[in-house]
Amino acid sequence: MKFLKDEKTRRILISGSILVILYFLLNNISEIWGFFNKFLKVMSPFIVGAAIAYILNVPIRRIERGLFKNPDKFSGPKWHGRRRALAILITISIAFLVIGCMLYMVIPQLADTIAQLIKQIPAGVQNVTKWAEETFAKYPVVTEKIDYWATNWQNILESITTFVKNYINQIIAGGISAVSGLVSGVLNFLIGFIFALYVLVQKEKLADQFKKIIYAFLEKKTADWMMLVGERADKTFTGFISGQCVEAIIIGILFFIVMTIFRIPYTLLISLLIGVTALVPIVGTIIGCVVGVILILLVNPVKVLVFLIIFVVIQQFEGNIIYPHVVGNSVGLSGIWVLVSLTVGGSLFGIMGMVVFIPLVSVIYAFLREYIYGILKEKGMVDADYKLLVGRKKEDPGDDVKSEDMKKQSSGDGDKAGEPENEEEIGESTAPEKEENPRATGNGKKQNQNRTRKNKRR
């Protein structure tokens, strides 16, 4: 085993082991991904519960700080438990009240919208047919087809119905699977909600156990670093969640007020939809806008343009004023990294991935930036503002020559500026100097003679 003491040999063994592991992972990527999906499916109730607990913990902490503030009267574990239970009860009550009010306002209007859409289908078909006839008047074949579809749309609908009846078994199977998926989703949510309550009640104890495990199995330096990562991640996620919620409420209220002023159809429904979808940055409001355009288009196509102008104005106001002041620098990501986070998170985990990946990438980006800046600072490659000192373009040597020539020209111009312009000025300027020089020499001789006389007397 002496060869293991050689540094070069150990590096080769470690590199070979890593390559073997990577080859195994890449060669069995489908099986590993399937196992990962099964694991996530089994753990999904607890993951949902942890997410619910973390989201509810944001208002619970603030409510808990404001309850029973007097330490003389309300101190000890007894009042701590009462404070925690009351804060959880208030938070859950507010959450269910908000969801209930939203459903109470949305469901009746949504039902009326669906009924109106069903009534407007024939008129909409006729309007589309008229427009198509006017547009494709130059093409008689297309016009005949459109007229046939418009006059026989009921027959076409019946043929579609018979087609659906032929595959009714598949539809029933799909419906059963959808119902079972809905039931399993509701059960997972209930299990996750109960798990969230346990986490919220015993969060200090769970956090203390987690810290003990980390410090028991890791070195103190590594454990301290993990605690720092957790604190920063908690701060980033908390700021992001609270900021997005406040921003969504403000945007929903703004859309409701402006759409009411301009008398846009489905004001309440579209405002609530945009407010809810605004929880997903960038993409959410666009989804709400698309749905709003479809709903308004079926009622009053002229108002669609007004709605789009309102949407653009409010989006600019939100991006330049609301988001920087409400959310602030809690995320600290540029637009390109936010877009990458949304794309990767959405493709992997859907809407939940879009919401989670932005603060997650923000934390990774912050630590990676600090690590890189630390290395560059130790090497002396950055200044106080963390600007790179190496790799800059060197100045052209000809620039120095040009600068010296410019200096000489400027000094020469200055000398020329001080010179007299004609010979008369030259004579006038030099004449006093010729008169002053003999006097200066005569005075000097008299002073020397006086000094010699004084020396002889002494």
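My entries run from the whole chain down to single residues.

**Ground rules**

I am working with a predicted model, in which local features need pLDDT of at least 70 and side-chain atom pairs count only at pLDDT 80 or more, while totals for chains, interfaces and linings use all residues. Residues are numbered from 1 along each chain as its sequence is written, and side-chain values use heavy atoms, with hydrogens and water left out.

**Whole chain**

I looked up the secondary structure and found 14 helices and zero strands. Helices here are DSSP runs of H or I with at least four residues, strands are E runs of at least two, and the numbering starts from the N terminus. Then I checked burial: of the 458 residues of the chain, 21% count as buried. Buried means under 20% relative accessible area, exposed means over 50%, and partly exposed is in between, with a 1.4 Å probe and protein chains only. I also looked at contacts (heavy atoms within 4.5 Å). Among those between residues at least 6 apart in sequence, 61% join residues at least 24 apart.

**Helix H8**

How many residues does H8 have? I count on the range 220-261, which holds 42 residues. Its first and last C-alpha atoms are 61 Å apart, close to the expected 62 Å. The expected span is 1.5 Å times one less than the number of residues.

**H7 against H8**

I turned next to H7 (residues 203-217), which packs with H8 at an angle of about 145°, the axes being 8 Å apart. The axes are lines fitted to C-alpha atoms, for helices over the stretch in contact, and the angles run from 0 to 180 degrees between N-to-C directions. The crossing of H7 past H8 is right-handed. As for that word, a crossing is right-handed if the near helix is turned clockwise from the far one by less than a right angle, and left-handed if anticlockwise.

Which residues of H7 meet H8? Lys 211, Ile 214 and Tyr 215 do, and on the H8 side I noted Lys 220, Ala 223, Asp 224, Met 226 and Met 227.

**The loop between H8 and H9**

Arg 263 follows H8 and has a positive phi, near 55°. Arg 263 lies in the loop between H8 and H9 and is exposed, with a relative accessible area of 71%. Tyr 266, in that loop too, has a positive phi of about 55° although it is not a glycine. I made a note of both because most residues other than glycine have a negative phi.

Is Tyr 266 buried or exposed? Tyr 266 is buried, with a relative accessible area of 10%.

Ile 264 also has its place in this loop, and at 3% relative accessibility it counts as buried. Leaving aside residues up to four places away in sequence, Ile 264 touches Met 259, Ile 296, Lys 303, Val 306, Phe 307 and Ile 310. Val 306 is 42 residues from Ile 264 in sequence, and their C-alpha atoms are 8.2 Å apart.

**Ser 271 in H9**

Ser 271 is found in H9 (residues 267-277) and is buried, at 4% relative accessible area. Its neighbours, not counting residues up to four places away in sequence, are Gly 252, Phe 255, Phe 256 and Met 259. A polar atom of the Ser 271 side chain lies 3.2 Å from the backbone nitrogen of Phe 256.

H10 (residues 283-299) has 17 residues, which should span 24 Å, and its end C-alpha atoms are 25 Å apart, which agrees. Its buried residues include Gly 284, Gly 288, Gly 292 and Ile 296.

My last stop was Tyr 323 in H11 (residues 301-326). Tyr 323 is partly exposed, with a relative accessible area of 25%. Its C-alpha is separated by 6.9 Å from that of Glu 247, 76 residues away along the chain.

Terms used:
A polar contact is a pair of N or O atoms within 3.5 Å; within protein, one must be able to donate a hydrogen and the other to accept it, and residues adjacent in sequence count only if both atoms are side-chain atoms.
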